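Thanks, everyone. Let me put the model on the screen, and then we'll walk through it.

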Amino acid sequence: MNQANKNKKMSYYKIQNLEQYFKHYNKSIREPRKFWGKIAEENFVWYQTWDKVVDFNMAEAEVKWFTEAKVNIVKNCIDRHLARRGNKTAIIFEPNNINEEAQHITYNDLHQRVCKMANVLREQGISKGDRVCIYLPMIPELAVSVLACARIGAIHSVVFAGFSATAVSSRINDSECKMVVTSDGGFRGEKTIDLKGIIDEALINCPSVKNVLVVKRTNQSIFMETGRDQWLQPLLDNASDNNVAEIMDAEDPLFILYTSGSTGKPKGMVHTTAGYMVYTAYTFKNVFQHEENDIFWCTADIGWITGHSYILYGPLLNGATTVMFEGIPSYPDFSRFWEVIEKHKITQFYTAPTAIRSLAKESIDFVQKYPLKSLKVIGTVGEPINEEAWHWYNNHVGGKRCPVVDTWWQTETGGIMISPIAFVTPTKPTYATLPLPGIQPVLMDEKRNEIEGNQKEGSLCIKFPWPAMARTIWGNHQRFKDTYFSTFPGKYFTGDGALRDEVGYYRITGRVDDVIIVSGHNLGTAPIEDAINEHPAVSESAIVGFPHDIKGNALYGFVILKDTGETRHREHLKKEINQHISDHIGPIAKLDKIQFVTGLPKTRSGKIMRRILRKIAEGDLSNFGDITTLLNPEIVEEIVEGKL
Ligand code: WTA
């Protein structure tokens with residue numbers, strides 16, 4: 001284990017003012033190895049330090065950080081805090097139901113629970129490198145399971161508990177998970193979700209799964225398959241709380257998290273141990289300017305990267321108190337977020353633009369009932385925040401006192417990349433502002449050249465590796481390379497477009513590929529189209545996004561029916577199509593509008609011209625630009641008429 005730094009004044013771990021930001025930023029670009037090496041050395045415990053800070057070949061999509069170092073991330077999240085913070089609350093669990101008491105789990109409690117769970121996993125045959133699928137609601141057992149996997153070196157694959165059986169089984173099969181941790185059910189607002197039923201259905205086609213551990217949450221009666229399923233609690237009761245953490249290599253995979261691509265099946269993004277640890281800790285500390293007695297609340301689900309990095313790893317690595325909320329913003333009424341902020345005296349609040357928009361449309365009384373004086377910083381993530389929502393958030397939640405940190409990043413980037421640093425970077429509505437130290441964004445033009453200068457717009461790439469970047473797609477490195485490192489050779493391509501203003505601030509303008517962000521969820525068009533096309537009456541379909549006041553974007557489907565003499569009512573068919581999507585992917589991917597058409601505008605090479613469909617969906621029927629390259633230009637008019 002390393003020695004604490006002797007020269008505290010030189011620390012790069014915390015940025016305190018704008019001048020320092022520029023100093024650290026410049027250092028991180030000129031001497032990235034020294035910069036990250038120093039941060040890593042001074043702020044974490046290692047079994048063995050590294051040989052090289054970074055070793056990479058971007059063109060081949062090969063990146064390694066802290067080579068040869070040995071570490072355990074959970075030792076850094078929990079064990080090392082015990083002496084100083086054993087009785088400090090690590091996790092506040094706020095249940096869905098307001099009549100159920102919140103739980104305050106101290107670092108000591110968390111240590112004990114994670115050690116017991118780690119022992120249960122080992123007893124059930126899980127060891128280093130095995131994949132464990134975690135399909136749980138936002139309850140403490142989710143955090144404990146994730147950390148227990150990391151403690152013993154098992155690779156967690158958390159699947160958001162809103163995904164359907166088909167979506168879960170494809171994710172389990174892709175990474176051949178040996179075990180599933182789930183619960184009898186989950187509470188969500190007024191609803192109870194039958195999670196175990198979904199897992200039972202998913203596992204019909206998952207030969208790799210040997211064991212299922214079931215948390216009791218809703219007490220509903222469920223099916224337990226003998227020899228496969230076990231209740232978790234009795235196993236925990238019998239487990240020792242003495243557990244030796246696995247010594248992990250810096251580049252051992254820590255987790256897999258699936259994200260939608262514009263084509264094909266979801267991509268299992270692989271994050272590795274040391275780089276992810278250093279970067280999530282560093283970004284959490286700086287962006288939110290975390291201090292010892294703060295209470296941090298990120299409203300994301302741990303099923304998404306935001307939950308991984310900023311509910312669990314980032315906060316715990318800093319010995320912070322982090323909130324896990326089981327419920328939804330509208331239950332029991334639209335003041336729930338504000339009530340929870342008041343109740344737990346939240347200091348930093350981090351949510352998504354779609355949540356802000358949905359609450360802003362309700363009566364202002366819901367938020368004005370609460371003074372929200374404890375808040376210091378408010379953040380957003382997941383999609384571009386529109387100006388109106390930004391101001392509403394700033395005025396009514398932050399009381400114009402709290403910096404709004406509009407944080408741009410991705411599942412693939414592991415941590416926040418471009419964002420104001422609270423109290424340090426002057427904010428500007430709808431701008432993610434400046435890159436964090438270590439991050440080198442560039443804008444690229446259509447000819448694949450780097451765009452120099454300001455007041456320019458282009459495709460956003462990152463030209464130098466950073467510690468938390470994903471290392472590969474599980475089982476398909478070629479796809480990783482093709483998707484992210486081939487469009488602009490030698491650079492990481494984000495899939496987003498961005499604008500750089502006159503002072504170098506970045507504003508993210510949205511996806512430039514076929515991923516559509518609906519209510520903050522990334523949805524690839526291809527998997528949804530596949531689901532629709534599986535309906536026996538459908539021959540072909542195309543999905544595009546169109547602006548929606550609350551969701552940001554909603555989905556519009558153009559569907560060609562087979563000539564089967566289908567006589568059922570069209571409205572009935574629309575319902576069935578949405579049910580298909582719900583069954584294959586999940587309710588989040590349902591279409592808001594469906595239009596039946598007889599053809600789709602296609603180029604001579606057979607590619608659907610989505611640009612035209614997007615205009616139609618947006619209701620902009622005036623000028624479709626050049627459609628002479630279409631194989632079937634007449635179809636455009638027909639679709640427009642069908643819409644009217
Ligand atoms: C979008 C979420 C604008 C972007 C952490 C990105 C944003 C995708 C912002 C990644 C933001 C995320 N402003 N757009 N502050 N944050 N995005 O993988 O298009 O779920 O590529 O990761 O969300 O979504 P993901």
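In which loop is Pro 332 found? Pro 332 lies in the loop between β17 (321–325) and α12 (336–344). A quick word on those labels: helices (H or I, at least four residues) and strands (E, at least two) are DSSP runs, numbered from the N terminus. The peptide bond from Tyr 331 to Pro 332 is cis, with omega near -5 degrees.

Now the ground rules. This is a predicted model, where local features need pLDDT of at least 70 and side-chain atom pairs count only at pLDDT 80 or more, while totals for chains, interfaces and linings use all residues. Residues are numbered from 1 along each chain as its sequence is written, and side-chain values use heavy atoms, with hydrogens and water left out.

Another backbone point. Phe 66 is not a glycine, yet its phi is positive, about 55 degrees. Look for Phe 66 in the loop between β2 (62–65) and β3 (70–71).

Next, the domains. Domain 1 covers 1–328 + 407–513, and domain 2 covers 515–643. These bounds come from an automatic or database domain assignment. Taken over C-alpha atoms, the two centres are 34 Å apart. At the interface, 15 residues of domain 1 are in contact with 16 residues of domain 2; contact means heavy atoms within 4.5 Å. About 1100 Å² is buried between the domains, and carbon and sulfur atoms give 53% of that. Buried area here is the accessible area (1.4 Å probe) that two parts lose on being put together, summed over both.

Now two helix pairs. Take helix α17 (residues 525–533) and helix α18 (residues 570–584). Their axes come within 8 Å and cross at roughly 125 degrees. Axes are lines fitted to C-alpha atoms, for helices over the stretch in contact, and angles run from 0 to 180 degrees between N-to-C directions. So α17 and α18 are oblique to each other. Angles under 35 degrees count as roughly parallel, over 145 as roughly antiparallel, 65 to 115 as roughly perpendicular, and the rest as oblique. From α17, the contact uses Ile 528, Ala 531 and Ile 532; from α18, Ile 577, His 580, Ile 581 and His 584.

α19 brings Ile 612, Leu 613, Ile 616 and Ala 617 to the contact, and α20 brings Val 636, Ile 639, Val 640 and Lys 643.
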